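Here is a friendly walk through one protein model, from the overall fold down to single residues. Please keep the viewer open as you read.

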Amino acid sequence: MTTPATNVLGTYLRDRRTRLDPAALGFIGGRRRTAGLRREEVAQRANISPTWYTWLEQGRGGAPSADVLDRIAKGLMLTEPEREHLFLLGLGRPPEVRYKAIDGVTPRLQRVLDALGNSPAIIKTATWDVVAWNRAAAAVLTDYSKLPRQQRNILRLMFADSRVRAKQEDWESVARYVVGSFRADVARAGATEESMVLVDELSRTSPEFDRLWRDNEVATKHEGIKRIHHPGVGLLELEFSGFAIDGRPELGMVIYHPASSRDADLVRSLIAALDNDATRS
């Protein structure tokens, strides 16, 4: 039998419901001995049996289903981290990822990018849309601000932009890595369905993408060396690393650090040229 000391799921549920305001949720009237919602009110909001919810709080009735936990999470108005914690307590695993499309980042994340100075850095979605970048990335990689929003996609640039292709020292290897990493990212973030419009488009317009996509390779390496031939300064060598953004499975940050002092000088010269162009315009 589950004791109160070991019934961590029930303890968590009781704690969450006592934090809610009954009046704000439409439950008015009657004296209440304790703060928050009653058990039957949580059950009503979650559209489950009051008896079943009571058993959950008491540690009876076995493990709940994912659907029941999802309903309870909505009924208790849990945040995404709180919902994940509920699943870990109830099922011993996190919930299935629910992908959320995004077209920008918080000012705080943008300040992180800007603070990297001479290291080109971008933030991309699971479908590889670039949603934020710093000045170094605009100077060295692509000035995304000059592209329509729908064109700020790494796969579209890799397979449809001849200028991006010409920059790659070994386009075939880079393209294979990009496709394999993209495949892994969309699966990890639960964005497989959202990615299919892009996959279908590129499969029709690029035989090379279609070939690589059909190879079904998956890449999980998130660091390495990138060599690009920049039309302004020639060959640049950059060390890159990919980072997850805590609590945001749909986003990833990629930072490119100059591999030598010579490369750092070249990056600085490209940033200066970009700033000069902006001043003149």
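## Overall fold

Of the contacts in the protein with a separation of 6 or more, 54% are between residues 24 or more positions apart; contact here means heavy atoms within 4.5 Å. This is a predicted model, in which local features need pLDDT of at least 70 and side-chain atom pairs count only at pLDDT 80 or more, while totals for chains, interfaces and linings use all residues. Residues are numbered from 1 along each chain as its sequence is written, and side-chain values use heavy atoms, with hydrogens and water left out.

The protein has 13 helices and five strands. Both are DSSP runs numbered from the N terminus: helices are H or I with at least four residues, and strands are E with at least two. The C-alpha trace spans about 75 × 45 × 35 Å along its principal axes. The radius of gyration is 25 Å, whereas a compact globule of 281 residues would have one near 19 Å. That radius is taken over C-alpha atoms, and the globule rule is 2.2 Å times the number of residues to the power 0.38.

## Surface and charge

How much of the protein is buried? Buried residues make up 43% of the 281 residues, where buried means under 20% relative accessible area, exposed over 50%, and partly exposed in between (1.4 Å probe, protein chains only). The protein exposes about 15500 Å², and carbon and sulfur atoms supply 52% of that area. Accessible areas come from the Shrake-Rupley method with a 1.4 Å probe; for residues, only the protein chains shown count as cover.

Turning to charge, the protein has 41 positive and 37 negative charges, and their mean positions are 6 Å apart. Lys and Arg count as positive and Asp and Glu as negative, while His and the chain ends are not counted. Each charge is placed at NZ of Lys, CZ of Arg, CG of Asp or CD of Glu.

## Aromatic pairs

The structure holds seven aromatic pairs. Rings of Phe, Tyr and Trp (its six-membered ring) pair if their centres lie within 6.5 Å; planes under 30 degrees apart count as stacked, over 60 as edge-to-face and the rest as tilted. One of the pairs is Y177 with F240, a tilted pair at 6.0 Å centre to centre with 55° between the planes. This pair links distant parts of the chain, with Y177 in helix α10 (residues 171-188) and F240 in strand β4 (residues 234-245), 63 residues apart. Y177 is partly exposed, with a relative accessible area of 26%, whereas F240 is buried at 13%.

F240 also forms a tilted pair with Y256, at 6.1 Å centre to centre and 45° between the planes. Because F240 lies in strand β4 and Y256 in strand β5 (residues 248-258), this pair ties together parts that are 16 residues apart in sequence. Both F240 and Y256 are buried.

## Helix α12 and its surroundings

Ring pairs also link F159, W171, F182, F209 and W213 into a cluster. Within helix α12 (residues 207-214), the residues F209, D210, L212 and W213 are buried. What do the buried residues of α12 pack against? Their partners are α8 (154-160), α10 and α11 (192-205). Just after α12, N216 takes a positive phi of about 60°.

## Single residues worth a look

V164 lies in helix α9 (residues 162-167) and is buried, with a relative accessible area of 13%. Leaving aside neighbours within four places in sequence, V164 is in contact with T142, L157 and M158. In strand β4 you will find G234, which counts as partly exposed at 28% relative accessibility. G234 touches I228 and H229, not counting residues up to four places away in sequence. G234 and K167 are 67 residues apart in sequence, and their C-alpha atoms are 9.3 Å apart in space.

Two loops are also worth a visit. M77 is not a glycine, yet it has a positive phi of about 55°; M77 sits in the loop between α4 (66-75) and α5 (80-91). W128, in the loop between β1 (121-125) and β2 (130-133), has a positive phi near 65°, again in a residue other than glycine. At 5% relative accessibility, W128 counts as buried.
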